[in-house]
Amino acid sequence: MILVRDDLIIVKDLKKYFPIRAGLFGTKGVFVRAVDGVSLTIKRGETFGLAGESGCGKSTFARLLLRLIEPTAGKVLFDGIDLFSLSKKELRKLRRRMGIVFQDPKSSLNPRMTIYNILKRPLEIHGIGSSKEERLNMIIEILEKVGLGEEHLNRYPHELSGGQQQRVSIARAIITKPDFVVLDEPTSALDISVQAQILNLLVKLQREFKLTYLFITHNLMVLQYISDRVGIMYLGKVVEIMNTRDELNLGKVYHPYTAFLMLSIPAVDIRERRRDKIIVPGEVPSSINPPTGCRFHPRCPFAKEECKSKEPPLLEIRRGHYVACHFPSITEEKLTPYVEERMESIRRLLRGGS
Amino acid sequence: MNNEILLKIEDLYVNFRTDEGIAKVIDGISLSIRYGEVLALMGETGCGKSTVAKSILRLLPKNAEVRGKILFKGTNLLDLPESELRKIRGKEIGMIFQEPLTALNPVFTIGNQMSEMFKIHKLRIKRTIQEEVIELLKNVRIPDPQRRYYSYPFELSGGMRQRVMIAMMLAGRPSLLIADEPTSALDVTIQAQILKLLMDLRNKYNMSILIITHDPGVVAEMADRVAIMYAGQIAEVGPVRDIFLNPQHPYTRGLLRALPLGHKEERELENIPGRVPNLINPPPGCRFHPRCPYAMERCRKVKPKPVVISDEHYVFCHLLGGE
């Protein structure tokens, strides 16, 4: 639900190259190009879903948006503030407006701290609350918001289930009343029924606190459920950006990689199961020496000469729908109909009342 | 696929002795797999699905007590002396795991490890062992198999390692392949490739596959029949289409409605309230009853017997009648 029509975050040509040790004498200009020129905007109040397979740079991108790591090049404007020009002190002040939830709550919660202490830390760091009582009340209130309660205050993370631990991580991320929360695969380690509880909770909290989410996932089913707009990443680049409800969920995708990803959503209605499945060949190449031209070309069944030499820019092909492909019309003809069929089968299944 | 039974599990109970007490992990389950059939065991963490797989090959740790029968081609594997079982394990019944890196030995080359299969099981070969190995690697579509023969496991990607594991299992021409979460550690496009490979191989060799997974997607893509497990009991078993389109057990229904299909603006996801029970003191009767919105007095006392819904679709639930 987009409440205010403006941009909270503007990303301009963001790059992050990690040097790697090569040869006997250390680094020699060899880099992993984790994020290699990404530009996009995240609107206030929306959930921007970012998807891609391991190594595509989605987690590095998220860390850059919170300035947990420094960029190689590019700019991030957070509510108009140039994030990378801030001093340490100014950054700390701004961090109050940001939160992050990681995939594995077990490793992101300090095992030697009680839930009370875990939640008290951000309040202390940002100087929120003037007395012990006030802070305690804030902690109890946030615990209740995430479906826990006072009885959990003196527990340690290991005494909680995976789902409860993730609720604590969420509470920690939102206790400072931030505008923006990065959710980095928050449900990937959870069972289906627990995942459903956490997704419901995230939607509820977003509405209540008017949060803006960057939701990172490799799970396409979760992506199409939770996001308002989505970006698909491949080898450090964004290849497609679109609206979820009237484009992605209807199967209207125009980059061949997006189409292959969406076709990997299983045909839960097995009337749709085909033995001659459409599968993308090959594996993701290394981001140390990414392919020239379009990075997807070695795996693309439709690649032409132009794709090997010229990198396709991310262009708006419809209002708000961006694609980085020289020949989106080929995907539209050869793959889009299958994606539409797959998404329609999901809607049919839901209507069928199962 | 013919209708003959390859593997039959009868009234299997598995208990684990732990410091806190005896965990009753598998509570009397019965299942069968036909020749050439793909059966999926699906459930959430701790439901016992991997324990079932491991009891078939008797790979459970020493603190496990196993009761019941596991008949493979008519022979009870649980009665077999270890020396006899070794001839079946890895030859007639193959197994692949979630993380192939832990199943492969890091200090030997792929060729070396795969050659061992031929030596240990004294397999008949038509050419040199090396040629046989390369042929197997080709079979699982590993590019450049001649070179991969000399690779070490760490030099391969996760998808390639899983292909090597599958190739290794194919050496013995198994009639049953047990695949325990074979694609859970892989990216979606690679997962699709591996599932397709498994299906092609089952068609080529008419092999039966028992696939253990938490992912309904894998079930939908692969399986002929699926058994839904909850806390060591089977909730529902039947053809995949019947289970997915016409689920009857409250747990199966809850699980499918919890899948994030559709969009958040259109529907809220279903919650299954409560948590998986502790199996040292499991709930009596139907183990799902403390979380079941329809639980009756009988559910708390009597373990449900299978109720026939249609042809091969059985539900273990008192709501649906039975005696």
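1. A crossing of two helices is left-handed if the near helix is turned anticlockwise from the far one by less than a right angle, and right-handed if clockwise. By this convention, H4(B) and H7(B) cross in a right-handed sense.

2. The model is predicted: local features need pLDDT of at least 70 and side-chain atom pairs pLDDT 80 or more, whereas totals for chains, interfaces and linings use all residues. Residues are numbered from 1 along each chain as its sequence is written, and chains are lettered from A and ligands numbered from 1 in the order in which they are written.

3. Chain B contains 11 helices and 12 strands (DSSP runs numbered from the N terminus: H or I of at least four residues for helices, E of at least two for strands).

4. The axes of H4 (residues 110-120) and H7 (residues 158-170) of chain B come within 9 Å and cross at roughly 25° (lines fitted to C-alpha atoms over the stretch in contact, with angles from 0 to 180 degrees between N-to-C directions). H4(B) and H7(B) are therefore roughly parallel (angles under 35 degrees). B:Ile110, B:Gln113, B:Met114 and B:Met117 of H4(B) make the contact with B:Val164, B:Ala167 and B:Met168 of H7(B) (C-beta atoms, placed from the backbone, within 7 Å).

5. In chain B, 62% of contacts between residues at least 6 apart in sequence join residues at least 24 apart.

6. The C-alpha atoms of chain B fill a box of roughly 65 × 55 × 45 Å along the principal axes. Of its 323 residues, 47% count as buried (20 or more other C-beta atoms, placed from the backbone, within 10 Å of the residue's own).

Methods
Buried ≥ 20, exposed ≤ 12 C-beta atoms within 10 Å, placed from the backbone. Contact = placed C-beta atoms within 7 Å. Parallel < 35°, antiparallel > 145°, perpendicular 65-115°, else oblique.
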